[in-house]
Amino acid sequence: MKDNEMIFGIRAVIEALEAGEEIDKIFLKRESNSALMNELTTALGTRRVPIRRVPVEKLNRLTRKNHQGVIAYKAATTYYHLDQVIPALYEAGRDPFIVILDGITDVRNFGAIARTCECTGVDAIVVFEQNSVSVTGDAIKTSAGALSRIAVCRERSIEGAIGYLKDSGVRLVGATEKASGLHYDGNYKGPLALVLGAEDTGLSPASLTKCDELVRIPLFGDIGSLNVSVAAGVLIYEAIKQRRD
């Protein structure tokens with residue numbers, strides 16, 4: 001991360017927050033409880049900015065400048081929230097089509113998935129505050145600029161996102177090798193959210209238990225799984241076929 005993509009120093013971060021600067025995440029030195037740290041917490045208010053408590057050694061590796069125990073990363077985009085996107089789609093007379101990234105942390109996969117989403121007219125991508133990718137300059141570059149053209153919603157938790165979508169009438173279809181049904185037999189019509197998990201861990205327990213339907217992509221070779229960005233393309237285009245019909 002370049003210094004011009006960071007804000008370091010307690011006062012500088014507070015001023016950026018008060019000025020409405022879009023912040024991707026904040027690293028705080030562990031066991032920092034000074035008055036200025038309390039002021040930083042106040043400046044954050046209700047803003048959904050992930051805060052990570054880290055050893056001071058990590059902060060020192062990120063910059064040699066006087067960080068005073070806090071470094072903020074500037075966001076490369078403006079994040080949305082599902083409660084902004086879903087009502088607007090319904091008001092426009094459209095069935096939402098959402099892609100949820102459950103535990104995906106690889107920037108290259110994120111960029112490739114975003115590119116497919118933008119090309120196919122997906123309305124929004126959902127990521128999370130913890131254990132998740134975020135929209136960085138590298139991610140935008142990998143996506144061929146798609147992340148500058150599609151809404152990215154950052155939510156607190158997968159459980160909260162699933163609950164909100166269900167309450168909003170959105171049907172959730174999760175992709176997992178544990179499913180008995182094949183992807184081309186799934187139901188992708190109407191308000192839809194596709195849930196994709198990381199290649200190493202798959203879907204989280206919340207997704208496995210709360211999705212309305214689980215599907216798997218059949219494999220005929222010796223390798224046990226597809227790259228998640230490839231799987232996303234397969235599922236999204238199957239959904240597009242049904243939704244166009």
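This is a predicted model: local features need pLDDT of at least 70, side-chain atom pairs count only at pLDDT 80 or more; totals for chains, interfaces and linings use all residues.
Trainee: Are Asp24 and Lys25 buried or exposed?
Mentor: Both Asp24 and Lys25 are buried. For Asp24 the relative accessible area is 2%.

Trainee: What forms a salt bridge with Asp24 at 3.4 Å?
Mentor: Arg154. That 3.4 Å is the gap between the closest N and O atoms of the pair. Asp24 sits in strand β2, residues 23-29, and Arg154 in strand β7, residues 151-155. The pair therefore ties together parts that are 130 residues apart in sequence.

Trainee: And Arg154, buried or exposed?
Mentor: Arg154 is buried, with a relative accessible area of 4%.

Trainee: Which residues end up joined into one network?
Mentor: Asp24, Lys25 and Arg154. Their salt bridges share partners.

Trainee: How many salt bridges does the count come to?
Mentor: Nine. One of them pairs Lys241 with Glu238, with the closest N and O atoms 3.6 Å apart.

Trainee: Where do Lys241 and Glu238 lie?
Mentor: Both are in helix α9, residues 228-244. Lys241 and Glu238 are three residues apart, about one turn of the helix.

Trainee: Why does that spacing in an α-helix matter for which way residues point?
Mentor: An α-helix has 3.6 residues a turn, so residues three or four places apart point the same way.

Trainee: Is Cys117 buried or exposed? And Cys153, buried or exposed?
Mentor: Cys117 is buried, at 0% relative accessibility. Cys153 is buried too, with a relative accessible area of 0%.

Trainee: Back to the start of the chain. What does the UniProt annotation say for residues 6-80?
Mentor: The unreviewed UniProt entry lists "domain: RNA 2-O ribose methyltransferase substrate binding" there. Over residues 6-80 the chain is 35% helix and 25% strand. The end C-alpha atoms of that stretch are 21 Å apart.

Trainee: Which residues of helix α1 are buried?
Mentor: In α1, residues 10-18, they are Ile10, Val13, Ile14, Ala16 and Leu17. Seen down the axis of α1, the buried residues fall within an arc of 160 degrees, so they line one face of the helix.

Trainee: What do the buried residues of α1 pack against?
Mentor: β1, β2, α2 and β4. Here β1 is 6-8 and β4 is 70-74. Just after α1, Gly20 takes a positive phi of about 85 degrees.

Trainee: Last one. Where is confidence lowest, and where is it highest?
Mentor: Lowest in helix α2, residues 35-44, at a mean pLDDT of 79. Highest in strand β5, residues 97-102, at 98. The chain averages 90, and 98% of the residues score at least 70.

Definitions and conventions
Residues are numbered from 1 along each chain as its sequence is written. Side-chain values use heavy atoms; hydrogens and water are left out. pLDDT is the predictor's confidence in each residue, from 0 to 100. Helices (H or I, at least four residues) and strands (E, at least two) are DSSP runs, numbered from the N terminus. Buried means under 20% relative accessible area, exposed over 50%, partly exposed in between (1.4 Å probe, protein chains only). A salt bridge is a side-chain nitrogen of Lys or Arg within 4 Å of a carboxyl oxygen of Asp or Glu. UniProt positions are given in the numbering used here, feature names are shortened, and annotations may be inferred rather than shown by experiment. The arc is that of the directions from the helix axis to the C-beta atoms. Contact means heavy atoms within 4.5 Å.
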